[in-house]
Amino acid sequence: MGGPIPALDARARSCAERLARAERVLLASHIDADGLTSAAIAAEALDRADIPFETVFAKQLDPDAIAGIAERDFSTVLFTDFGSGQLDDIADHEAAGAFTPVIADHHQPADAGTEFHLNPLLEGLNGATELSGAGTTYVLARALGDEANRDLAALAVVGAVGDMQDSSGELVGANREIVAEGVEAGVLAETTDLALYGKQSRPLPKLLEYANDVRIPGISGSERGAIGFLSDLDIELERDGEWRRWVDLTGDERQTVASALLQRAVARGVPASRIDDLVGTTYTLTNEAEGTELRDASEFSTLLNATARYDRADVGLAVCRGDRDDALDEARTLLTNHRKNLATGLDWVKQEGVTQGEHVQWFDAGEAIRETIVGIIAGMALGTDALRGDRPVIAFAAKNDTESKVSARGTHRLVRSGLDLSAVMGEVARALGGDGGGHDVAAGATIPKGDEEAFVERADAVVADQLG
């Protein structure tokens, strides 16, 4: 029986066979939404195959983290959503007999080779848009447990959405096959709907007020504007003293709101290409309770990101694996706290402003913004009037006494014009004695403290080359 992505079949089978031979496995995973769903898919698949394992998380798989893994005395280590880019270091430990690595990742591989390596890029598939870490791990899970593991497709979709692979409005490439398997397995539904975040959980006015992907003048960012807009429509806005949410509306009511929103966007001069972005594909996890953030892939991924960024990957993993009690409560508390921090950080950027270079714009938050969320804030700021939309933003935050965290965010329009922030971050950081990488539209690096201005200068030149 072949897997969902035939090009990866041989690699997936070889990795699965190696895991099946292991007495026990150390599962090492990245901690963002894609990493947590990868870990959960791997954990479920290993459990179902009766392979004993322990889990360890790392924010960054640096040489110290890999050395720590080598000391754990596991002869087999499964790396999910990282490992490919760190193969040079991993291969040294493998050669020394510390452990055999099995890698399920979608990031750019380093030069060293290894036998059990599952990565879409090795077979000509795009790891930034066609398959996420969770998607790659799902392919491995299917090789390990065949069709019995098709229910894990829902988590793979949450990972892909969390990794921004649906930014064209829907998932594409190899991801489509995983969506199809999830729909067939009865764990996913795919619908065309308003592409606004929070359709399950946000009260209607907040849904519109906070919808910052497509800014509609008079509604976006304005509570009064959002309420005024809704009040003019012929729909019931409250029930039992509570605002209704998008999920509470009937099909006809949704149609009424959507049409009025599109008309308002046209009337306020929003360009047609942006108006198209108001409608997209929504991925619903059909086994989750309606009106909870777990029912929507986009809201689920945000909840997971909140756990990771406050060093509680264990909570995110437990939610992915079905804990709907303590772990879910804790995750929701972390998300509320995360939202407050994002709002405060965004206010800071708007107040302090950014510095414009020739081809990039940048700000240095120092200690003012936590380094684990400075990238999200940079991305949010890029969607506001505070920043120019025609160039990437580079953000710095203090990582520790000797290092700075760098986060870069672009737009898909810039990527289509040649922008590749992964290449920018990697090349410039390494030139300054640091390291970096990521995806074309969003990437990060760590550099020595004090080199921020040198970084911007070099990055500006590389971006200039890319954009011609």
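Is Asp47 buried, partly exposed or exposed? I looked it up: Asp47 counts as partly exposed, at 40% relative accessibility. I use buried for under 20% relative accessible area, exposed for over 50% and partly exposed for in between, with a 1.4 Å probe and protein chains only.

**Ground rules.** I am working from a predicted model, where local features need pLDDT of at least 70, side-chain atom pairs count only at pLDDT 80 or more, and totals for chains, interfaces and linings use all residues. Residues are numbered from 1 along each chain as its sequence is written, and side-chain values use heavy atoms, with hydrogens and water left out.

**Salt bridges.** I took a salt bridge as a side-chain nitrogen of Lys or Arg within 4 Å of a carboxyl oxygen of Asp or Glu. By this rule I get 28 salt bridges.

I went to Asp47 again and found a salt bridge with Arg321, with 2.6 Å between the closest N and O atoms. This pair links distant parts of the chain, 274 residues apart: Asp47 is in helix α2 (residues 33-48), and Arg321 is in the loop between α13 (313-320) and α14 (326-352). For helices I rely on DSSP runs of H or I with at least four residues, and for strands on runs of E with at least two, numbered from the N terminus. Arg321 is partly exposed at 31% relative accessibility. Both residues belong to a network of salt bridges that links Glu44, Asp47, Arg48, Asp151 and Arg321.

Next I checked Arg312 and Glu330, whose side chains meet in a salt bridge at 3.3 Å, N to O. Arg312 sits in the loop between α12 (297-309) and α13, and Glu330 in helix α14, 18 residues apart. Arg312 is partly exposed, with a relative accessible area of 30%, and Glu330 is partly exposed at 30%.

I also noted Arg142 and Asp146, in a salt bridge at 3.5 Å, N to O. Here Arg142 is buried at 3%, while Asp146 is partly exposed at 33%.

**Helix α7.** I then listed the buried residues of α7 (residues 174-184): Ala174, Asn175, Ile178, Val179, Glu181 and Gly182. They lie on the same side of α7, because they cover an arc of only 160° around the axis. I take that arc from the directions from the helix axis to the C-beta atoms. Their cover includes α5 (133-145), α6 (153-162), β6 (188-194) and β9 (279-285), with contact meaning heavy atoms within 4.5 Å. After α7 comes Gly186, with a positive phi near 80°.

**Cysteines.** I found zero disulfides, a disulfide being a pair of cysteine sulfur atoms within 2.5 Å. Cys15 is buried at 1%, and Cys320 is buried at 9%.
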